[in-house]
Structures are given as structure tokens and as C-alpha cells.
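Good morning, everyone. Let's look at one protein chain together. Please keep the picture open while I talk.

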Amino acid sequence: MKKRVVFIIAILFLLVGCGAEFNTPTKEVEMFLNKYQKNDSEVVNQFDTSLLDEGNLSDEQKEKYKEIMLGQYKDLTYEIKEEKIDGNKAKVEVEIEVYDYTTALNNAYMHLEENQDQFYVDDVLDVVKFVDYKLDQLFNYKNRITYTIVFNLERENTESEWVLKDLSEADLKKIHGIYSN
């Protein structure tokens with residue numbers, strides 16, 4: 001009986017004592033990025049098709065774009081470079097690798113300029129045709145690029161959990177692979 005009580009107390013001590021170890025700035029960033037990699041429902045529900053700059057996508061185009069971006073998230077890789085804690089604030093520097101959709105989109109716009117007869121009818125751009133072309137380019141583009149993101153975290157006090165602060169628009173574009181300097 002005494003051994004059982006000691007065992008239970010030891011287990012409780014491990015669970016309570018290790019709880020703080022599970023909430024570190026690095027662990028919070030890893031959990032955040034893993035949500036992207038796993039296409040977590042929180043990420044999928046926040047999905048926004050406005051990243052293509054076209055507000056009038058057909059339902060079929062929206063689905064294809066969503067498929068492209070969910071593939072981007074799934075294939076995102078990262079490496080934690082550094083964690084700096086200063087009191088109740090922390091910074092975690094992460095190097096991510098994603099598909100370089102900026103180059104794919106730039107190539108699509110260059111193709112449009114060089115092949116206007118393919119996309120213009122009576123001097124008017126066939127937007128649907130060009131969006132379809134851009135989506136095809138994104139879907140088939142496999143070159144990757146590396147970006148650095150510095151995640152900011154805070155906690156109320158030394159006993160509270162680390163909370164990831166909102167990312168900048170530039171950092172979100174890095175995750176989406178559409179960032180340009």
C-alpha cells in the first residue's frame with residue numbers, strides 16, 4: 001500500500017512538475033506551425049482566398065486555391081533557430097521552408113505580358129482564364145524558398161502560459177509563400 005501511494009505521488013509530481021516544461025515559447029511556436037502542417041480545422045476555418053488578389057473567384061477556383069494552400073501548409077518545414085526569453089516576453093526565431101509562390105505568380109504575370117493573345121479578347125483581359133492559368137502554375141510549382149520569422153510571445157507572470165502574439169501580414173505571407181521584399 002505504501003509503495004502504491006509513493007508511486008501515485010511520484011506520478012502526480014511528474015505531471016505537475018513537467019507541465020511548465022510543456023509550455024515554453026518554442027513549444028508554443030511548434031504547436032502553431034504543426035497546426036498548419038496538419039491542416040488543423042482552426043487553420044482551415046481561417047482560410048481566406050483573398051491572397052490571390054482576385055475577389056471574384058468561381059467556386060471551382062476557390063476550391064482549387066484552397067487545395068493549393070492546404071498543400072503548402074502540409075509541406076511547410078521549419079527549424080527553430082533561437083529562443084530568447086526576457087522576463088515575461090520571448091522571441092523565437094524560426095526558419096521555414098515553403099513553396100515559392102511569389103516566383104510562380106511573377107512568372108504567370110510575365111507570361112501574361114509575353115502572351116497577351118492567349119488571355120485577351122478584344123483588348124479585354126479574360127480574368128477567369130488568367131486566374132485558371134495562375135492556379136495551374138501554383139499547383140505545379142515545386143521550387144521552395146526559405147524565410148525567417150521571429151515569433152513574439154508573452155505571458156502575464158512566471159506562472160502563466162506563454163501566448164503567441166498575432167503575426168504580421170509579412171510573416172503570414174511568408175507562411176503562404178507569397179512574401180516579397
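In which sense do β5 and β6 pair, and over how many bridges? Strand β5, residues 144–154, pairs with β6 in the antiparallel sense, over two bridges. Two strands count as paired if DSSP finds at least two bridges between them. In β6, L164 is the bridge partner of L153.

A word on the source. This is a predicted model: local features need pLDDT of at least 70, side-chain atom pairs count only at pLDDT 80 or more, and totals for chains, interfaces and linings use all residues. Residues are numbered from 1 along each chain as its sequence is written, and side-chain values use heavy atoms, with hydrogens and water left out.

Now the sheet. It is open, with four strands in the order β1-β2-β5-β6 and antiparallel pairing. β1 (77–86) and β6 (163–164) are the edge strands, each pairing on one side only. Helix α2, residues 25–37, packs on this sheet. It touches β1, β2 (89–99), β5 and β6; contact means heavy atoms within 4.5 Å. The direction of α2 makes about 150° with that of β1. Such angles run from 0 to 180 degrees between N-to-C directions, with axes fitted to C-alpha atoms, for helices over the stretch in contact.

Next, the whole chain. It has eight helices and six strands. These are DSSP runs: helices are H or I, at least four residues; strands are E, at least two; numbering starts at the N terminus.

How much is buried? Of the 181 residues, 30%. Buried means under 20% relative accessible area, with a 1.4 Å probe, protein chains only.

Note on methods
Buried < 20%, exposed > 50% of the residue type's maximum accessible area, 1.4 Å probe, protein only.
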